[in-house]
Amino acid sequence: KGLLYRGHRVSWWWPQGGTALSAAEVGWNYKTVDDPSVYVAFDLVDEPGTALVAWTTTPWTLPSNGYAAVRPSFAYVVVDGGDRKLIVAAALRAELEKKLKRDLPVLRELEGSELVGKRYRPPFDSFAKTLFDRREKLRDGGEAPIYWRVIAADFVTLDSGTGIVHVAPAFGEDDFEA
């Protein structure tokens, strides 16, 4: 009758008990706290000395980073960050200059669509080392899918941050769907 379906979704998990938790159970001890936001540089694999700059209000999810998201139609810039080139949304460059208290001269402009598919090194490399240092091959001869690529996403905005969003599929429904 179409009353049941099989699917996947992000759920809170109680590892000691081995069960999912309801929103009510998680909310029982809810407290409002101030959490830090951070800027993170993801070094591009195929462009040494160049990094994507993402801003996140959930730094505790960085070990689970799987992707960086951009909006294909947005304008991005490569700027001189001093020790390396940085990529940010053109509309948010001035905000980043204020945060860093330094000029970020534009070296070149590009569209978000040009970033889609680029590979980068994640902030924590314990798992990544095996994938970057040893490429798995599929039975049909193709290369195994790999995390840490730039993807296109409609949830990327220019309201705040850098126009590049850190995506951790284990921690958010939008991230999981992307």
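**Entry 1: terms and model**

I looked up its confidence and found that the protein averages a pLDDT of 84, with 85% of the residues scoring at least 70. Confidence is highest in strand 7, at a mean of 97, and lowest in helix 3 (residues 128–133), at 56. Where pLDDT is low, the predicted coordinates should not be read in detail. I kept this in mind for helix 3, whose mean is 56.

Five strands form an open sheet in the order 3-4-7-6-8, and their pairing is mixed. Strand 3 and strand 8 are the edge strands, each pairing on one side only. From one strand to the next, the twist averages 30 degrees.

I then followed the sheet pair by pair, starting with strand 3. Strand 3 and strand 4 are antiparallel and share 6 bridges. Within this pair, I found aspartate 43 opposite alanine 51 of strand 4. The hairpin of these two strands has 6 residues between the strands, and in it glycine 49 has a positive phi near 85 degrees.

The next pair is strand 4 with strand 7, which run parallel and are joined by 3 bridges. Here leucine 52 has isoleucine 87 of strand 7 as its bridge partner.

Strand 7 (residues 85–89) and strand 6 run antiparallel, with 5 bridges between them. I noted aspartate 80 opposite lysine 85 of strand 7. Their hairpin has 4 residues between the strands, and glycine 82 in it takes a positive phi near 95 degrees.

Last, I looked at strand 6 (residues 75–80) with strand 8 (residues 106–111), an antiparallel pair with 5 bridges. Tyrosine 76 stands opposite leucine 110 of strand 8, and valine 78 has arginine 108 of that strand as its bridge partner.

**Entry 2: the helix across the sheet**

Which strands does helix 2 lie across? I found helix 2 (residues 93–100) lying across strand 3, strand 4, strand 6, strand 7 and strand 8, at about 125 degrees to strand 7.

I turned next to the interior. In soluble globular proteins, nonpolar side chains tend to be buried together. In this model, the largest nonpolar core has 25 residues, and those touching the most other members are Phe42, Leu52, Tyr76, Ile87, Leu115, Tyr120 and Ile164. At least two residues of this core come from each of strand 3 (38–43), strand 4 (50–56), strand 5 (67–70), strand 6, strand 7 and strand 9 (149–152). Strand 5 gives the most, with 3 residues.

Leaving aside neighbours within four places in sequence, isoleucine 87 is in contact with Leu44, Thr50, Ala51, Leu52, Val53, Tyr76, Val77, Val78, Leu115 and Ile164. Another core lies apart from the largest one; this other core has 8 residues, including Ala51, Val53, Val77 and Leu86.

**Entry 3: strand 4 and threonine 56**

I returned to strand 4, which is mostly covered, with 6 of its 7 residues buried. I selected threonine 56, which lies in this strand. Is threonine 56 buried or exposed? Threonine 56 counts as buried because its relative accessibility is 6%, and the cut-off for buried is under 20%.

I then listed what surrounds this residue. Not counting residues up to four places away in sequence, threonine 56 touches Pro36, Ser37, Val38, Leu62 and His166. Its side chain also reaches the backbone nitrogen of threonine 58, at 3.0 Å.

**Entry 4: glycine 117**

My last entry concerns a loop residue. Glycine 117 is found in the loop between strand 8 and helix 3.

Note on methods: Residues numbered from 1 in each chain as written. Predicted model: local features only at pLDDT ≥ 70, side-chain atom pairs only at ≥ 80, totals over all residues. Heavy atoms only, no water. Pairing = 2+ DSSP bridges. Core = buried A, V, L, I, M, F, W, Y, C linked by side-chain atoms within 4.5 Å. Buried < 20%, exposed > 50% of the residue type's maximum accessible area, 1.4 Å probe, protein only. Contact = heavy atoms within 4.5 Å. pLDDT = per-residue confidence, 0-100. Axes fitted to C-alpha atoms, helices over the stretch in contact; angles between N-to-C directions. Polar contact = N/O pair within 3.5 Å; in protein donor to acceptor, adjacent residues only side chain to side chain.
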